[in-house]
Amino acid sequence: MARVPAPKKPAAKKAPPRKVAAKKEPARKGEAASLVIRNATPDDVEAIIALVQRVYPDDQPYTQGMVRGQIVTFPEGQFVVVYEGEVVGYAASFLIDEATGMSQHRWSEITGSGYGSRHDPNGEWLYGMEVCVDPSRRRLRIGQRLYDARQRLCEVQELKGIVFGGRMPGWARRRKAWPDPWEYVQAVAARKIDDPVVSFHIRAGFEPIGVLKNYLRGDRASGGYATHMVWRNPYALEEPSPHSPPQGEKEAVRVATVQFQQRMIGSFDEFVSNVEYFVDVTADYRCDFVVFPELFTLQLLAFEKRKLTPAEAIETLTEFTPRFIAAMRELAIGYNINIIGGSHPTRTEDGDIQNVAYVFLRDGSVHAQEKMHPTPNERHWWNIKGGDHTAAIQTDCGPIGVMVCYDSEFPELARRLVDEGAKLLFVPFCTDNRQGYLRVRYCAQARAIENQCYVVMSGNVGNLPNVDNMDIQYAQSCILTPCDFPFARDGIAAEATENVETVTIADLDMTDLAWARAQGTVRNLRDRRFDLYKINWRDGG
């Protein structure tokens, strides 16, 4: 996912999540505090990644998507320390049930491969997955402050305590004297020997209850082992009441899908006028998002005076890219709505022509998501190349994901977007017959079920007789939900009449997703077998 530079105007839409009161260093009268501990927000992601790079110069254990997923999944459990305007400390944590937290496990398994996606809103324990402290700021006791923030969170939420796997970096060099790692940890606890990390955790009030095997295989200094540490909350109730997702106010997001008719037009301005009509209508209905179909800009070829070969047609379309982006961006700002601009063939920086979905946010920012999997026809007739990166896009309604048509038929893409925090997935598509449409439809419904998220589809209807691959179209655009009790009976929030130009609108309640993921009949995200399988992305995601 590439970001298209554009002037940005912040636009606040949703109220921020509830935050745990963070302790601040006292400031002298008339001076602002120079060191602050607070909950992390999506705006901190780049600064957190920069911190991680300073802490792990030879490795990059996290991507921006992972950190964003941690924050979105459980915002109360992620803390940053900001010193003189710079993020110098980060702690990531999530809730876990007692049986899982107290049993043998590996880091990648229990953390959902670093995304924090094993978060259980009903969990009784806070699991500490990461603490990063800027190496140049060691004397500010940043680590201690982060552990204190976690303990306060446990007290506020009446959790049983904190559990995590801690490094034991002194064991490898003392392995001959202490071949059993558990005996080594016990010796550190008895103060017979010292280990910089184990000793720190014990001084901070944590108790080692064992060692975790193969916790981090790359941690050679610890031999792959980790201390299984716990801190027990002295204020925890003896019989804690089960946690459940906050039910507060409804967090509704209104989405609209445009079933766009391909028709003859005479100019670029006429195309923009057709698009503006639907933007205007959906904005009047106070929609947060409106989505257009894949390759809906092929309508721009309708006023070409001569018959173009497929290669010439796509090359001609790429020339409209700057005007298309400028016009759509202006519509998003002017009508105060987030636009998923279907997709448009674009010659990218590497010289390839790619099928790019542009997202125009109402704050004026523009994002680009390349289609990862071109169809055989796209590759053969149009020489379209596949993209090389996918990522969730932060909006004023939370992170979203975009999968262009054929991409929805590859489940690992949706899973990554959801792990990065996306609860809304948009699927602009372009299919010429019912069989092709149903492939996309059934796969989109599967993505909604297996990821417990909403999926919005938008397709073309009508025809462009003089444009290759657009002579016939078939679509029934729809807004899909998981299949469980809070949702529509058939997993369909709304759907259009097939093969007619129309707009379909639905209100989607994000708290229903939170309920389904925590207490639903099935809990697909949490029930994944991280001990058996994982996806290794080339970019580390």
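Strand S15 (393–395) and strand S16 (residues 398–402) run antiparallel and are joined by three bridges, with Ile 393 standing opposite Ile 400 in S16. Strands here, like helices, are DSSP runs numbered from the N terminus (E, at least two residues, for strands; H or I, at least four, for helices), and two strands pair if DSSP finds at least two bridges between them. The model is predicted, so that local features need pLDDT of at least 70 and side-chain atom pairs count only at pLDDT 80 or more, whereas totals for chains, interfaces and linings use all residues. Residues are numbered from 1 along each chain as its sequence is written, and side-chain values use heavy atoms, with hydrogens and water left out.

**The six-stranded sheet**

- S15 and S16 belong to an open sheet of six strands with mixed pairing, in the order S15-S16-S17-S18-S20-S21.
- The edges of this sheet are formed by S15 and strand S21 (492–495), each of which pairs on one side only.
- Neighbouring strands of the sheet are turned by 20° against each other on average, direction ignored, where axes are lines fitted to C-alpha atoms (for helices over the stretch in contact) and angles run from 0 to 180 degrees between N-to-C directions.

**Strand S5 and its partners**

- Eight of the nine residues of strand S5 (residues 125–133) are buried, buried meaning under 20% relative accessible area, exposed over 50% and partly exposed in between (1.4 Å probe, protein chains only).
- Strand S4 (residues 86–96) pairs with S5 in the antiparallel sense over eight bridges, and Ala 91 stands opposite Val 131 in S5.

**The loop between S19 and S20**

- Gln 473 lies in the loop between strand S19 (460–462) and strand S20 (478–480), and counts as buried because its relative accessibility is 9%.
- Leaving aside neighbours within four places in sequence, the contacts of Gln 473 (heavy atoms within 4.5 Å) include Cys 430, Asp 432, Val 461 and Asn 499.
- Asn 466 is found in the loop between S19 and S20 as well, but is partly exposed, with a relative accessible area of 29%.
- Although Asn 466 and Leu 301 are 165 residues apart along the chain, their C-alpha atoms are separated by 8.4 Å, and Asn 466 touches Met 264, Leu 301, Ala 302 and Lys 307 when residues up to four places away in sequence are not counted.

**Helix H9**

- In helix H9 (residues 310–318), the buried residues are Pro 310, Ala 313, Ile 314, Thr 316, Leu 317 and Thr 318.
- These buried residues pack against helix H10 (321–334), strand S12 (344–347), strand S13 (353–360) and helix H11 (376–382).

**Cysteines**

- The whole structure contains zero disulfides, a disulfide being a pair of cysteine sulfur atoms within 2.5 Å.
- The sulfur of Cys 443 has its closest cysteine sulfur, in Cys 405, at 10 Å, which is too far for a bond.
- Cys 453 is likewise in no disulfide, the nearest cysteine sulfur, that of Cys 483, being 12 Å away, and Cys 453 counts as buried at 0% relative accessibility.
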